[in-house]
Amino acid sequence: MTMNQRNTIDLDQGWDFMQNGITKLKRILEGQPEPQFSSEDYMMLYTTIYNMCTQKPPHDYSQQLYDKYREAFEEYITSTVLPSLREKHDEFMLRELVKRWLNHKIMVRWLSRFFYYLDRYFIARRSLPALKEVGLTCFRDLVYQELNVKVRDAVISLINQEREGEHIDRALLKNILDIFVEIGMGQMDCYDKDFEEAMLNDTAAYYSRKASNWILEDSCPDYMLKAEECLKREKDRVAHYLHSSSETKLLEKVQHELLTVYVTQLLEKEHSGCHALLRDDKVEDLSRMYRLFSKIPRGLEPVANIFKQHVTTEGTALVKQAEDAASTKKAEKRDVGIQEQVFVRNVIELHDKFMAYVNDCFLNHTLFHKALKEAFEIFCNKGVAGSSSAELLATFCDNILKKGGRERLSDEAIEETLEKVVKLLAYISDKDLFAEFYRKKLARRLLFDKSANDEHERSILTKLKQQCGAQFTSKKEGMVTDLTLAKENQASFEEYLGNNPNVNPGIDLTVTVLTTGFWPSYKTFDLNLPSEMVKCVEVFREFYQTKTKHRKLTFIYSLGTCHINGKFDAKTIELIVTTSQAAALMLFNASDRLSYQEIVTQLNLSSDDVVRMLHSLSCAKYKILNKEPNTKTISPTDVFEFNSKFTDKMRRIKIPLPPVDEKKKVIEDVDKDRRYAIDASIVRIMKSRKVLGYQQLVAECVEQLIRMFKPDVKVIKKRIEDLITRDYLERDKDNPNLFKYLA
């Protein structure tokens, strides 16, 4: 028949024709011998539907066909699909389900093509569910609803077999789980509710059983190996057949059961916990511990705490060891020095070791940096045998930087060691005390030409500047620069002498001109110089006047050295002495015998200085002067004469003065500076705040000064009182804990 004069097709007749097509499709799906659809077959089926939907009412059968489309699925599922699934179990049921779902999708694809015209017009106009959706819903309501619990249990059972090491068909599981996803038609709720929840609970139960056995049997490292392996396998499981959205939830469950539940027990296992791993340098295990515990909420905190305890214990042991060594070596002053050097070395090594842990095992995590810092702050501020850490570090630097220091190191090693000392300084609370000790020792190195290398001196100052700020090093940098200028100054003095032959100091003279503000304060006194020296000083003053009119020269004789020739009976020996020792010895050119009193008067020195100086010349190693009575101490009634019998195998000898204990002076100076710093800080704060309570004022003051030293609250309180008496602040009339700034 041709299309234009087409006859009306009634419903039964048309549907019989469609039914044949559907039966053919079912036979193909069931694998029965049946030729495939040709394009004519397809066109005939499509056109039949088209015609039945476009006939004039009441012959427009769109609604009836829409219903019959659904019934076709329902009938097939009820008669064929469900019975075939119900007779199978476990894995066989799963295989059958995968096959049936695949076939169902094919059936939906073909039928929705035959009925395509419905989709385009009827369904679109009425906002009804699309053909594809209707097809999938049939499967969901009839097959999935009935079987999903059985399917889920079968899948979970297979997963557990796999966990126990059996081989399973992963592809099958993947296909099954795809059904849970696809049946949601764009939503994940079927997968989540009908499968994932139960699977996660089962996983938790499974690992809870495992963990409760392992925690009793295994060492901490073995347990962690197992835990890491389990996590790796679960991740792998997701990659192979679970939906990717399960990964986080699954791993969290496993971590919870294996790690969170047993954090404390694991870390504190007696012979293999975190303490033991640190003690025995088990780097790999510690790295694994970090990897595992970083995944669980707040899991790293207990690890960092144990790390901090461990470092503190190790450091405190070093302090004790140094204390013990020092107390047994009290007699040997020199050895105490060596012990202290060893102590600083050990602390540096300890820092290197634990810093490597922080970098390598704990991947630079801030918690561990903090733990290391807090631990070092605890024992680095203890000090050893009456010496503060600030002093020990300064002495340590001195030994590295001075000529003939105890440490014979290459340039690279020196640089590296200095770098490390500066790092340690970060943990010391009295940085100002270190600065002052360092400055004193730097002054000695520079003035007595003891510094081994200018480069290193400048290099450590750069490092200190980066660590503690510019004001920390400004004076020290000034000292190093002063010495360079002083050398230039000396060169131009020698040139001046060369150009003015009539000016002749008579002795070789080297003067080091320093800037007062940069250097430690030295005691100045008006020593009565021998006439030869007076002339020298005058010549230099005249020269200096030619360079500058505005500077006042003060000679610090206590730092000077002289080379004088001692003409003894046996031979002439060159004596290297201080300026004051030289002045005293020159007195014996004019007199054979001099009493203590005469020496004091002629030199114009304090008795303390005279006692030290005479002791060095008459009671110590080299007896240049004979003393009556011949005792080991100097007293005001002693009489001295030149010892012409003196001799020594050397041509040239140095006669040292007994050392002065500088420590007390340094500590006093620093205390004084601290008082000024606290005053300045309080005034700065009050000036900007005008009115402030006591607690806040103290807190802000500590905050401002903590970079250089840890101010003592008692001292702050005293400074506040002092500023009140000096009218910088006043107390509030009604509230004694409130202060006002007085401009």
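1. Let's start with the surface. The chain exposes about 39,400 Å², and carbon and sulfur atoms supply 51% of that area. As for what is tucked away, buried residues account for 45% of the 743 residues in the chain. Do keep in mind as you look around that this is a predicted model.

2. How far can you trust it? The mean pLDDT of the chain is 87, and 98% of its residues reach 70 or more. Residues 1-5 are a stretch to treat separately: the pLDDT there is below 50, and beyond near neighbours in sequence these residues make two contacts in the model.

3. Now the overall form. A compact globule of 743 residues would have a radius of gyration near 27 Å, whereas this chain comes out at 48 Å. If you follow the C-alpha trace along its principal axes, the spans are about 155 × 65 × 60 Å.

4. On to the secondary structure, where you'll find 28 helices and nine strands in the chain. Looking at contacts between residues at least 6 apart in sequence, 71% of them join residues at least 24 apart.

5. A quick word on charge. The chain has 112 positive and 112 negative charges.

6. Where does P629 sit? You'll find P629 in the loop between β4 (625-628) and β5 (639-642).

7. Next, have a look at D281. Its phi is near 55 degrees, which is a positive value in a residue other than glycine. D281 belongs to the loop between α12 (274-279) and α13 (283-293). Is D281 buried, partly exposed or exposed? With a relative accessible area of 41%, D281 is partly exposed.

8. L363 is another one to check. L363 isn't a glycine either, yet its phi is positive, at about 45 degrees. The loop that holds L363 runs between α15 (333-361) and α16 (366-380). Why does L363 count as exposed? The cut-off for exposed is over 50% relative accessible area, and L363 counts as exposed because its relative accessibility is 55%.

How values were computed. Residues are numbered from 1 along each chain as its sequence is written. This is a predicted model: local features need pLDDT of at least 70, side-chain atom pairs count only at pLDDT 80 or more; totals for chains, interfaces and linings use all residues. Side-chain values use heavy atoms; hydrogens and water are left out. Helices (H or I, at least four residues) and strands (E, at least two) are DSSP runs, numbered from the N terminus. The radius of gyration is taken over C-alpha atoms; the globule rule is 2.2 Å times the number of residues to the power 0.38. Buried means under 20% relative accessible area, exposed over 50%, partly exposed in between (1.4 Å probe, protein chains only). Contact means heavy atoms within 4.5 Å. Accessible areas come from the Shrake-Rupley method with a 1.4 Å probe; for residues, only the protein chains shown count as cover. Lys and Arg count as positive and Asp and Glu as negative; His and the chain ends are not counted. The place of a charge is taken as NZ of Lys, CZ of Arg, CG of Asp or CD of Glu. pLDDT is the predictor's confidence in each residue, from 0 to 100.
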